[in-house]
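Colleague: I am new to this one. Please take me through the ligand site and the cavities.

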Amino acid sequence: MTAKRLYIKTFGCQMNVHDSERIGGLLRNEGYRLTEKPEEADMIIVNTCSIREKSEQKGYSDLGRFAQLKRDKPGLILGMAGCVAQQEGAGVLKRFKGLDLVFGSSNIANVPRMIETITLRSRPVVMVEEPPGPPRTTPADRKDRVRAWVSIMEGCDRRCAFCVVPTTRGRERSRPSAEIVQETTHLAEAGYKEITLLGQTVNSYGKNLDEGVDFADLLARLDAVDGIVRIRFESPHPCDMTPKLIETMAGLTKVCEYLHLPLQSGSDAVLERMGRGYTLNDYRRIVARLRERIPGTALSTDIIVGFPGETGEDFDRTLDAVAEFEYDNVFYFNYSRRPNTPAAEFGDPVPPEVQEARFQRLSMLEKSLARKKNQALIGTVQEVLVEGRSKRDRDRHTGRTRSNKLVHFCGADEEIGRLVNLRIASAGPTCLEGIRPSPP
Ligand code: 5AD
């Protein structure tokens, strides 16, 4: 029997990308194989994102397109997963007549059962209730062979005023540590070299478990897994960057010298209205401790431009902070009003043209900082974990430094998954060029 074909379109964060791998893994057991072509699929799942309005709209537009395919192929199963599915629930069935399946991220483990119900009863199935208990461990169909994402928790208990995640991914639930260690061990046995631990506020791990294991303890346990050479995690919240965690990171050899630490704004007034729980000075202290204990660590951040009530002065503070912390990378987003969030009721919106002008200023600063940071590495020798062939030039290879910088170089397929030392020959704002260091 030929395998049934599954096409998954993914929007949004790494968590969503990994959720798609888990959906793929579960459906592989049901006889589905992934395809890159929606036209030849027997099942299409759009894994949606609602963090900003634009991402939400993109998901809807794709669903509309795929619903058209169903006209010529009535047996095609069309599903909607992810945060928009969770947010809208059964309501989306009215909007898209062709939908068979709607489920949120906490219901992924039930996908096989849902498919069975659709096939038996031929009517749409909606599952957006959060099941009790810790997140269920599922298989994952991972595309990469060197680096793997490992989800360690779901949901978020923080209430940042701008953020839709608490309503789309529910309360914070951590996976038992033994399951995470076991999954990592299996990944190492399968040849994976690097893991990235995922959670909405990844360093708050363990708070709702009875085990007495916190994020630092988990890192230490995973550091002991043979075969894994690098550990990363995303995204930590500044309020959970405890001195113990920084000490642990400094002491563990596999934990990479790179931290993505969302600041969101450099103005205390804005941070307060966002409900972030720290001031600029608190953040400053964390960065100082981090740089003292882990010299040379790379740092990146997220910034929201044009939060309600943000004044020109507030924004200048953000620019000052970005310059002060000398980020390696800044991800910046125009504020987008999201349903059921406190900030949706705030009023005092920043006019779009003002927001756009601020966005451009930040963009220029970001580019010059990133270039400067990358250029500082020219002439140094960096340990690079080889990932595969370069996307822009198939004759070359790429890998990443421990500080998470992408390096292009002349390599060989045999090197994929290995650590190589490369001298940095040149640098742009987004990547580096590496050459083999000359023998001493
Ligand atoms: N508007 C704009 N950006 C947002 N983010 C989260 N919610 C919003 C919103 N409503 C950004 C934050 C977060 C990143 C993942 O997305 O900077 O850290």
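Modeller: An oxygen atom of the ligand is 2.7 Å from an N or O atom in the side chain of Gln264. This is a predicted model, where local features need pLDDT of at least 70, side-chain atom pairs count only at pLDDT 80 or more, and totals for chains, interfaces and linings use all residues. Residues are numbered from 1 along each chain as its sequence is written, and side-chain values use heavy atoms, without hydrogens and water.

Colleague: Which backbone atom lies 2.8 Å from a nitrogen atom of the ligand?

Modeller: A backbone N or O atom of Ser336.

Colleague: How much of the ligand does the protein bury?

Modeller: The protein buries 86% of the 400 Å² that the ligand exposes alone (Shrake-Rupley method, 1.4 Å probe).

Colleague: Why is the space lined by Ile231 and Cys256, among others, called a cavity?

Modeller: On a 1 Å grid over the protein atoms alone, a cavity is a set of points where a 1.4 Å probe fits but cannot get out. Lining residues have an atom within 4 Å of a point. This one is the second largest cavity, and Ile231, Arg232, Phe233, Val255, Cys256 and Tyr258 line it. Its volume, the space filled by probe spheres set on the points, is about 30 Å³.

Colleague: What is the volume of the largest cavity?

Modeller: About 70 Å³. Its lining includes His18, Arg22 and Glu183.

Key
Polar contact = N/O pair within 3.5 Å; in protein donor to acceptor, adjacent residues only side chain to side chain. 1 Å grid on protein atoms, 1.4 Å probe; cavity = no way out; pocket = protein on both sides within 12 Å on 5 of 7 lines; lining within 4 Å.
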